[in-house]
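Please look at the structure below, beginning with the surroundings of the ligand and with the surface. The paragraphs that follow take up a few local features in turn.

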Amino acid sequence: MSKPRTIVITGGTKGLGRAIANAFLANGDNVWVLSRTVPVTAQSHPRLRHISADVRSREQLDSAVAKIRAASVLIDVWINNAGFGKPVPFHDGDNALWDDIFAVNFWGTVHGTRAALSALRRPGGSIINVASVAGLMAPRGHSAYATAKAAVIALTRANAVEYAEAGVRVNAIAPGPLDTEGFRAAGGDPEKRARTIPTRRMITPDEIASACVFLAAPLASLTGQTLVIDGGSHAIGCYA
Ligand SMILES: NC(=O)c1ccc[n+]([C@@H]2O[C@H](COP(=O)([O-])OP(=O)(O)OC[C@H]3O[C@@H](n4cnc5c(N)ncnc54)[C@H](OP(=O)(O)O)[C@@H]3O)[C@@H](O)[C@H]2O)c1
């Protein structure tokens, strides 16, 4: 059996992040999850640790990485997963909401990536950014979220090129709609949404988690890619 790796997941306590954490734990890895709060229902596992951190703060992510480094480990895989979307009308939209959507989805990815780079194994380290198919298409009413996720996809390519020679890979995942706490909090209706997807089903967090495990495998030339997992919505060109 291969040596356990150190995996860090922002927003790893709920929804997709929790599924990603479980997939790496099942793989035998050591997992650190970062979030602002720990839910009372949080899973416990001997190889799972939590650090409180808000991805909107560069200092908090730097300090989280310092705590991980204090455990004398290098980070093998860093996953920028924390994020949220909320519909906001464009023409009379609230700038504060645009700012927060960018602060978490885009700046959270910038802060996470910068913090990770100081402690990532080189060569061999890997960063995975959770974008969204919304960053490749035009979801009605979601201009802020779509723009922030498009920026995450652009950043993925730029970082992949900048750190390629250092042996650090950077990839993104672009999921279609997932039935998570975040999806429901934004007013999503899974049954209604599933009818708009070519496969007629919601994407499951476990499917995305398996794809993260694949992207984290030692595939030295796999970098700069955005893997779309959306039941065919992008292929058919339809985003409800
Ligand atoms: N659900 C979907 O349909 C869908 C589709 C495509 C892409 N995505 C993307 O997938 C990712 C996860 O979404 P989800 O639906 O799983 O969300 P979720 O159920 O709301 O879970 C979000 C996680 O992120 C943490 N988080 C939120 N804001 C944070 C902050 N400022 N700093 C640190 N942690 C923070 C939350 O914990 P705390 O609240 O305690 O901080 C929680 O652990 C996001 O990037 C989202 O954009 C989701």
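Why does Phe-214 count as partly exposed? Phe-214 counts as partly exposed because its relative accessibility is 45%, the class in between buried (under 20% relative accessible area) and exposed (over 50%), with a 1.4 Å probe and protein chains only. The model is a predicted one, in which local features need pLDDT of at least 70 and side-chain atom pairs count only at pLDDT 80 or more, while totals for chains, interfaces and linings use all residues. Residues are numbered from 1 along each chain as its sequence is written, and side-chain values use heavy atoms, with hydrogens and water left out.

Phe-214 belongs to helix 7, residues 205–215, where helices are DSSP runs (H or I, at least four residues) numbered from the N terminus.

Turning to the ligand, 30 residues surround it, the closest being Thr-13, Thr-37, Asn-81, Tyr-145 and Thr-180; a residue is near if one of its heavy atoms lies within 4 Å. Helix 5 (181–185) is among the helices that each supply at least two residues of this shell, and with three residues helix 5 gives the largest share.

Oxygen atoms of the ligand take part in polar contacts (pairs of N or O atoms within 3.5 Å): one lies 2.7 Å from a side-chain N or O atom of Thr-13, one lies 2.8 Å from a polar side-chain atom of Arg-36, and one lies 3.3 Å from a polar backbone atom of Gly-11. Of the 890 Å² of accessible area that the ligand has on its own, the protein covers 92%, as computed by the Shrake-Rupley method with a 1.4 Å probe.

Definitions and conventions. Polar contact = N/O pair within 3.5 Å; in protein donor to acceptor, adjacent residues only side chain to side chain.
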